[in-house]
Each structure stands twice: as C-alpha cells, then as structure tokens.
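Here are a few notes to read with the structure open beside you. Take them one at a time and find each spot as you go.

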Amino acid sequence: RWRKSRWDKQLVIMPTSCKKISKCIFSKNNDNDWDDDEANNDDKMILPDAFQNANILEIRLDATLASCYGLCRFLIYDITTGAKNVPGWQMSDFIMLGGAFSSCIVLSMVWSLVGIYTGVFKVRYSDEYNLMNTVLTAAIAGPLWLLVEIGCGWPPGGVIIATSDFTADSSNVMFTIVTGTIGLISVMCLGKAFTSGWR
C-alpha cells in the first residue's frame with residue numbers, strides 16, 4: 001500500500017513538473033522569437049530597402065567590370081606615353097601602379113554605393129531591371145571617381161596636376177571627366193548587355 005500510494009503521488013506530481021518545465025521552455029522560446037523579431041526590425045531600420053534588395057552577385061560582377069575598365073584605361077595611358085628613358089622597374093613605376101589600383105578600388109566602391117540607390121543591382125533577367133539605370137549610375141559615379149583620381153594625383157587623370165597647374169588647365173580636367181565618364185557608360189552598358197544571357 002505504501003508503494004502504491006507513493007507511485008500515485010509520483011503520478012500526480014509528474015504532470016505538474018512537466019507542465020512547469022514546458023511553460024518555462026515555451027516562455028523562453030517566445031523570448032527568443034521576440035528578440036529575433038526585434039533584431040530583424042532593427043536591421044530593417046538601419047539598412048534601407050535598397051541595400052536589402054541588392055543582389056550581391058551583381059555587385060561583385062559590376063565591381064570587377066568597372067575595375068577592368070580602370071586598368072585598361074591605365075594601360076592605354078601607359079602605352080601612349082612612349083618609351084621610358086631608363087629601362088626596367090623603378091620606384092616611380094610602383095607608385096604609379098599603386099595609384100592605378102587605388103583608382104580602380106575607388107571606382108568599384110563608388111559604383112557599388114551609387115548603384116545600390118539607383119537599383120542597378122537587381123537581377124538582370126527580372127522585369128524590374130532597366131539598362132537605363134546603368135547609364136544613370138555611370139553618369140553619377142564617373143565624375144565622382146574621376147575627381148578623386150585627379151585630386152589624389154593617380155594616373156592617368158592625376159597627371160594633369162603633376163604636369164601643370166590645376167586652375168589653369170580646367171578645360172583638361174573637364175575633358176578628362178567627360179571622356180572618362182563616357183567610356184565608363186559605354187563599357188558598363190556593353191558589358192551588361194552582352195552578359196545578360198549568361199545566367
């Protein structure tokens with residue numbers, strides 16, 4: 001009789017303890033869900049919709065294409081300047097090459113930031129994609145990038161400051177900005193048009 005009553009008492013106690021445990025677990029899960037919802041809401045408040053809707057793959061592809069344009073632009077400048085007086089690599093060559101890479105990095109960053117807000121990083125085969133966004137992005141990012149290049153003295157645009165007076169050659173500055181922006185528009189539009197079916 002004692003064992004039976006003890007067993008009955010355990011049967012009565014166990015559901016109560018399980019209920020308490022399940023209540024604690026349920027409340028803890030609800031707290032975690034509430035915290036996750038608050039974290040998601042905070043992320044939405046910090047990051048605009050343009051950042052959340054941007055395609056990371058498109059950003060990487062556009063940054064690569066823009067960097068290739070910057071390097072080709074430097075290569076054309078290096079070829080057209082003629083032969084060097086002293087053959088071989090010198091410290092000035094490494095400095096010039098570092099400036100060219102820095103210019104490409106700035107172009108990729110400016111293009112990415114401007115493209116996020118113009119909506120150029122949407123999927124290319126979607127209905128919302130518009131090639132005119134590429135033209136708008138290049139028209140905004142091109143002058144910003146070239147002004148940084150000229151101001152920092154990076155080749156080829158920065159050669160204007162290194163070889164002449166900046167205020168006296170304002171026409172050369174405008175020519176560099178206009179031609180560089182037109183080249184950026186052409187390369188980015190053609191690159192996106194020819195690679196639109198590669199998805």
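1. Let's start at a helix end. Just after H4, Gly119 takes a positive phi of about 80°. Keep in mind that this is a predicted model, so treat that angle as a computed value.

2. Now look back along H4 itself, which covers residues 91-118.

3. Next, hop over to helix H3, residues 56-80, where you'll find another glycine, Gly70. Is Gly70 buried or exposed? Its relative accessible area is 8%, and the cut-off for buried is under 20%, so Gly70 counts as buried.

4. Stay with Gly70 and look for Leu184. These two sit 114 residues apart along the chain, yet their C-alpha atoms are separated by 8.7 Å.

5. On to the cysteines. How many disulfides does a search of the whole structure find? The count is 0. Cys68 is in no disulfide, and its nearest cysteine sulfur, the one in Cys72, is 6.4 Å away. A disulfide needs the two sulfur atoms within 2.5 Å, so the 6.4 Å between Cys72 and Cys68 is too far for a bond.

Definitions and conventions. Residues numbered from 1 in each chain as written. Predicted model: local features only at pLDDT ≥ 70, side-chain atom pairs only at ≥ 80, totals over all residues. Heavy atoms only, no water. Helix = DSSP H or I, 4+ residues; strand = E, 2+ residues; numbered from the N terminus. Expected span 1.5 Å × (residues − 1). Buried < 20%, exposed > 50% of the residue type's maximum accessible area, 1.4 Å probe, protein only.
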